[in-house]
Amino acid sequence: MTAENIFEVEHVTLRFGGVVSLNDVSLFQKRGEILAVIGPNGAGKTSLFNSLTGVYQPQEGTIVFHRADGRSMSVIGKKPHRVAGAGVARTFQASRMFSALSTFDNVKIGAEDHRGFGVVGAMLRGPRTRHDDRRSDERTAELLRFVGLAERANVLAASLSYGERRRLEIARGLATGPEVLLLDEPAAGTNPAEKLDLARLIRRVRDELGVTILLIEHDMKLVMSLAERLYVLNFGSVIAEGTPAEIRANPVVIEAYLGTSTEASA
Amino acid sequence: MREFFQRAPIRRLLVILGVVLVVELITGPPGSNEHPVAGFTGSYHEAASYFGLFRTQRWVVFLTLALVAWGITEFWNWRGPTIRARASDALAGPRQVGEKRPVRVGFALVLLVLAILLPHIVNNAFWQSALVTYVAIYVLLAIGLNVVVGFAGLLDLGYVAFYAIGAYTTAWVTGALPTPPPFGHALDAFWAIPFAVVFVVIAGVLLGAPTLRLRGDYLAIVTLGFGEIITIFANNLYGITGGSTGTKQIPHPVFHVGPIKYTWGLAPVPYYYLALGSVVLFLIIFSLLQRSRVGRAWTAIREDEVAAESLGINPLKFKVMAFAVGAASAGFAGVITASADNFLFPSSFTLTFSINILVLVILGGMGSISGVVVGAVIIQVVQAYLNHTPPAGYQQPDLYIYVGALLITMMIFRPAGLIPSRQRRREITLYEKSHEGHPDEALLGDDV
């Protein structure tokens, strides 16, 4: 396998008791690619995301994350914060903001370095702490401008609209300085105008910041216009892979989405 | 008629009267075999004097309080929303970018001077000692527990364990325990402070590392168990801790560096200054921490642990840090109590003690340092007053009834505490909003 790939997922199986959530899933993502994973409800898309970010631990298979500096990391067995620290950021299906904090502080928490134990340093505000703090502030302001929330920096996160919350989550994820950003249904609950903005923003994240995008989405229009390549999951297995045009024409995918007609399967 | 009873205000009145009835019975005289209902009948006949001001039947007082409470409730329901809308900056005031929170240095200095002069203002033996044993120690404990409960959002029911470890370390270091002191020779109690701090921090890490993987209720139960384990150890490890009789030989602390030598004696005022110094020290440490990177990580974990993890925050690490940092002030409190009292018994380190500290934190306002200090001072001063000059019929355990009632009232009217932190208040407001419904639902069912 080449270092061009950022994620390599090989034969991953994830079970919850007797329920098989992911069944022998193998896939890869190239660096800089906008990749989408689609599939009907319960197909295992979010399980895949959670396995990629260390939230779930698959029983079988390997997940390798290749970093730009040439080092690789096996995701399985790592805690979510380790995976995040290595450069994998994500958003959540039901948005999870720190709702009692301002938009600014939400992003700032992402921008700060949470490694090390520096209790004393953090407390005494030495020159280094102050310098880091200023850097986090600058980075936060920059990202808020990037996602178009600069005006809303001082607003409580809870009072943002759905579309704004999605952008806040993207900014917060980007604040951690990731190489890949995983977006779990970013368009859920947004209106058509916001969807358009969102698609534009996601493309800019890749083009201007060079962050690879992995996307789960239900909204076919958004997926087809945004993704360069797609995987289709059904009942925990990959049933198809290809470009949007290929997927649209794939009979297996149509079957999975629309159901089987008796004559066709005969 | 049925409709009349179904009206919300009437139903609320009935509920309040029901509560009054229960309180009457609980606080009434005990029944006996001959008079099984003495508690019931007796409660209405006994007259008692209140606050040395007036003497009347108890039911009159309770009924008056009930009607006042009902009146306030109804007024609040009638005018409340408007008042709240006008006064609430709850949703309008997150931290502004670059905003420097006004650290009211001047105000803090005035309070400090007042605190320094206080023992001379009261100038009364009981109150001078009460300032140490009732107030300063509890403030120290409450601000420490506030780090765990308020900042990191971890419910710790075994906080007393750290206090006990601090106290026992003092006894050990000064050679007051059956087990020999470290390095074979006893030290002054003053030097127990670094030992105590190191020990409680280690204890915090040891307890925290395995248990803080748990969440919510489970954590509370495990910490409760830890508190009990420490007490049982203290009771049963006779050869090490002196068992249930504890020890009575802890010396007064001596500060001796070079030519400077100061000995704390029997007088309470020097201990007050020792405790006050520790309180100020920890107030500074904790408020700096709260505004730091670490404090923000705690906030993130408290608000949404999963999201915090996805940002590279290791929840376990920061929770253990909160535990250890919060334990440090309990260690200080343990040293001061042990060396001021000269004695210690395992029976003083009970679950009730942990819960008392927790009550101070909740009443004052979780996460709000100034709130916790004010809450602790008020409750403890009232408690000291009631113990010192009890009104007729008042007994020490009665306090819990009043504190309990106060706690319930607070949870209804000021759920975020006496002086809530802005953030906590927003969290609670948001929680209420997300559970769209009338706050009365919880009390009176959903058709209010």
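This is a predicted model: local features need pLDDT of at least 70, side-chain atom pairs count only at pLDDT 80 or more; totals for chains, interfaces and linings use all residues.
Contact is taken here to mean heavy atoms within 4.5 Å.

Helix 7 of chain A comprises residues 192-209. Its 18 residues reach 25 Å from the first C-alpha to the last, close to the 26 Å expected at 1.5 Å a residue. The buried residues of this helix are Leu198(A), Ala199(A), Leu201(A), Ile202(A), Val205(A) and Arg206(A). The elements that cover them include strand 3 (34-38), strand 7 (180-184) and strand 8 (212-216) of chain A, together with helix 5 (127-147), helix 6 (162-175) and helix 8 (220-226) of chain A. Just after helix 7 of chain A, Gly210(A) adopts a positive phi of about 70°.

In one, the side chains of Asp197(A) and Arg200(A) meet at 3.8 Å, N to O; because they are three residues apart in the helix, the partners are separated by about one helical turn. Asp197(A) is partly exposed, with a relative accessible area of 40%, and Arg200(A) is likewise partly exposed, at 47%. In the other, the closest N and O atoms of Glu208(A) and Arg204(A) are 3.2 Å apart, and these residues lie four residues apart in the helix, about one turn. Glu208(A) has a relative accessible area of 51% and is therefore exposed, whereas Arg204(A), at 29%, counts as partly exposed.

Elsewhere in chain A, Gln29(A) is located in strand 2 (residues 19-30). With a relative accessible area of 1%, Gln29(A) is buried. A polar atom of its side chain lies 2.7 Å from the backbone oxygen of Ile213(A). Not counting residues up to four places away in sequence, the residues that Gln29(A) touches include Glu4(A), Phe7(A), Leu35(A), Val180(A), Leu214(A) and Arg229(A).

Chain A and chain B bury about 3400 Å² between them, 64% of it on carbon and sulfur atoms. His81(A), His114(A) and Met123(A) supply 19% of the area that chain A buries against chain B, more than any other three residues. The contact draws 37 residues from chain A and 37 residues from chain B. Eight residue pairs are in polar contact across this interface. On the side of chain A that touches chain B, two or more residues are given by each of helix 2 (80-86), helix 3 (103-111) and helix 4 (119-124) of chain A. Helix 3 of chain A gives the largest share, five residues.

Three salt bridges are counted between the two chains. Arg296(B) and Asp133(A) form a salt bridge through their side chains, at 3.2 Å from N to O. Both belong to a network of salt bridges that also links Lys108(A), Glu112(A) and Asp137(A). Over all chains, the salt bridges number 21.

Chain B contains 19 helices and four strands, and buried residues make up 46% of its 448 residues. Of the contacts in chain B with a separation of 6 or more, 72% join residues 24 or more positions apart.

The largest nonpolar core has 110 residues, and those with the most contacts inside it are Leu141(B), Phe162(B), Tyr163(B) and Trp298(B). Helix 6 (residues 125-151) of chain B gives the most to this core, with 19 residues. Apart from it lies another core, of 43 residues, among them Leu149(A), Val155(A), Leu174(A) and Val223(A). The residues that Tyr163(B) touches beyond four places in sequence include Ile137(B), Leu141(B), Ala330(B), Phe349(B) and Phe353(B).

Helix 16 of chain B (residues 369-388) has 20 residues, which should span 28 Å at 1.5 Å a residue; its end C-alpha atoms are 28 Å apart, in agreement. Among its buried residues are Ile369(B), Val373(B), Ile379(B), Gln380(B), Gln383(B) and Asn387(B). The cover over the buried residues of helix 16 includes helix 6, helix 11 (268-290), helix 15 (351-364) and helix 17 (398-413) of chain B.

A salt bridge also joins Glu305(B) to Lys319(B), with the closest N and O atoms 3.2 Å apart. This pair links distant parts of the chain, since Glu305(B) lies in helix 13 (residues 305-310) and Lys319(B) in helix 14 (residues 315-341) of chain B, 14 residues apart. Both Glu305(B) and Lys319(B) are buried.

Key
Residues are numbered from 1 along each chain as its sequence is written. Chains are lettered from A and ligands numbered from 1 in the order in which they are written. Side-chain values use heavy atoms; hydrogens and water are left out. A nonpolar core is a set of buried Ala, Val, Leu, Ile, Met, Phe, Trp, Tyr and Cys residues joined through side-chain atoms within 4.5 Å. Buried means under 20% relative accessible area, exposed over 50%, partly exposed in between (1.4 Å probe, protein chains only). The expected span of a helix is 1.5 Å times one less than its number of residues. Buried area is the accessible area (1.4 Å probe) that two parts lose on being put together, summed over both. A salt bridge is a side-chain nitrogen of Lys or Arg within 4 Å of a carboxyl oxygen of Asp or Glu. A polar contact is a pair of N or O atoms within 3.5 Å; within protein, one must be able to donate a hydrogen and the other to accept it, and residues adjacent in sequence count only if both atoms are side-chain atoms.
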